[in-house]
Structure formats: C-alpha cells, structure tokens
Amino acid sequence: MEIKICADKKLWDDFFLDRKQAGFLQSWQWGEFQETVGNKPLRLQLTEGGEVLAEWQGFEHKIASFIKFVYFPGFCYLASEETGDEPLATLFGFLKARGYMFARIEPCGSVPGLEKFKFIKTASRQPVNVLRLKVDGSQ
C-alpha cells in the first residue's frame, strides 16, 4: 500500500462520487473553498496495485511557524480483515515523513484499529445537527 497526493479532480471525483459514505467535507469542492480562505487542502489516495482503496482530504494548519498538522474532517475509513491497520499505519507514516507533528481526525464512523496508535480524544468541531436541503430545483 502507498499514499499518493491527488491533484486530479476527475480522478478524485471518480472514486469519491461512487461512495455512499462520502461526505461533503471530503469533496473536491469543499477543498477548493477551504483554499480560498487560506487552508491548503491535502488530498490523499491510498492505493495498492494501481487501485484506489481510500481517499482522505485534510487541511494543513500551522501553530506558530514550526508546528504543522493536518486536520481531516469527515474522515471515512473502510477497514477490512485483509488490510487490518495497515492503511492507518501507511497514512501516519506518510504524514510523519512530511514533517507533520500530528493529525486531527474527525471520523464519520468508527475507525477500527485506531487503539493501536497513540491518540487523544477531543471534541468535534462539526455541528451536532446538520440539515441537508436539496436546492437543485427537483422535488
């Protein structure tokens, strides 16, 4: 398994739009908006043998000028018995190699295998209740 940075909107959307659990906070459009307000998106694809297994969009933040971390809102993780915690280990290794001090992950569900890693539980930054209204004109 390896992590690749995705710079191709079509490639991102081809995987993203095919997932029922995918949320707006992981969409390419949300990343574009975040970029306009100064939050650099980090779009990562977990691949194996040329196949995309997962996508995670995070946003780079800095504390002072020397501590950088990545924030993953709506982080969806699809574990399987075959992969175990390898996807998380691969992700954390990728981030560490690029100098990130830590990752803040707000999962959209459970993240099996997370107990094998050192983590601190924090409060969610997202609202407790969210209403989604269809505004495309169809009923």
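Contact means heavy atoms within 4.5 Å. Helices (H or I, at least four residues) and strands (E, at least two) are DSSP runs, numbered from the N terminus. In this structure, the buried residues of helix 2 pack against helix 1 (9-16), strand 2 and strand 3. This is a predicted model, in which local features need pLDDT of at least 70 and side-chain atom pairs count only at pLDDT 80 or more, while totals for chains, interfaces and linings use all residues. Residues are numbered from 1 along each chain as its sequence is written, and side-chain values use heavy atoms, with hydrogens and water left out.

**The chain as a whole**

- The chain has three helices and five strands, and from the N terminus on its elements run β-α-α-β-β-β-α-β.
- Of the 139 residues in the chain, 36% are buried, where buried means under 20% relative accessible area, exposed over 50%, and partly exposed in between (1.4 Å probe, protein chains only).
- Among contacts in the chain with a separation of 6 or more, 58% are between residues 24 or more positions apart.

**Helix 2**

- Helix 2 covers residues 28-36, and its buried residues are Trp 28, Gly 31 and Gln 34.
- Seen down the axis of helix 2, these buried residues fall within an arc of 120 degrees, so they line one face of the helix; the arc is that of the directions from the helix axis to the C-beta atoms.
- Gly 38 follows helix 2 and has a positive phi, near 95 degrees.

**Helix 3**

- Helix 3 (residues 86-97) has twelve residues, which should span 16 Å at 1.5 Å a residue, and its end C-alpha atoms are 16 Å apart, which agrees; the expected span of a helix is 1.5 Å times one less than its number of residues.
- Pro 87, Leu 88, Thr 90, Leu 91, Phe 94 and Leu 95 are the buried residues of helix 3.
- The buried residues of helix 3 line one face of the helix, because they fall within an arc of 160 degrees when seen down its axis.
- Lys 96 and Ala 97 are exposed on the other side of helix 3.
- The packing partners of the buried residues of helix 3 are strand 1 (2-5), strand 2 (40-48), strand 3, strand 4 (67-75) and strand 5 (102-107).
- Leu 88 lies in helix 3 and counts as buried because its relative accessibility is 0%.
- Leu 88 and Phe 117 are 29 residues apart along the chain, and their C-alpha atoms are separated by 8.9 Å.
- Gly 99 follows helix 3, with a positive phi near 85 degrees.

- Ile 63 is in strand 3 (residues 51-63) and counts as partly exposed because its relative accessibility is 40%.
- Ile 63, Met 101 and Phe 102 make a nonpolar surface patch of about 300 Å².
- Patches are made of residues with over 30% relative accessible area and no salt bridge, with like charges joined within 9 Å and nonpolar side chains (Val, Leu, Ile, Met, Phe, Trp, Tyr) within 5 Å; a salt bridge is a side-chain nitrogen of Lys or Arg within 4 Å of a carboxyl oxygen of Asp or Glu.
- Ala 64 is in the loop between strand 3 and strand 4, and counts as exposed because its relative accessibility is 58%.
- Phi of Ala 64 is positive, near 60 degrees, in a residue other than glycine.
- Most residues other than glycine have a negative phi.

Definitions and conventions. Areas by Shrake-Rupley, 256 points an atom, 1.4 Å probe, with all protein chains shown as cover.
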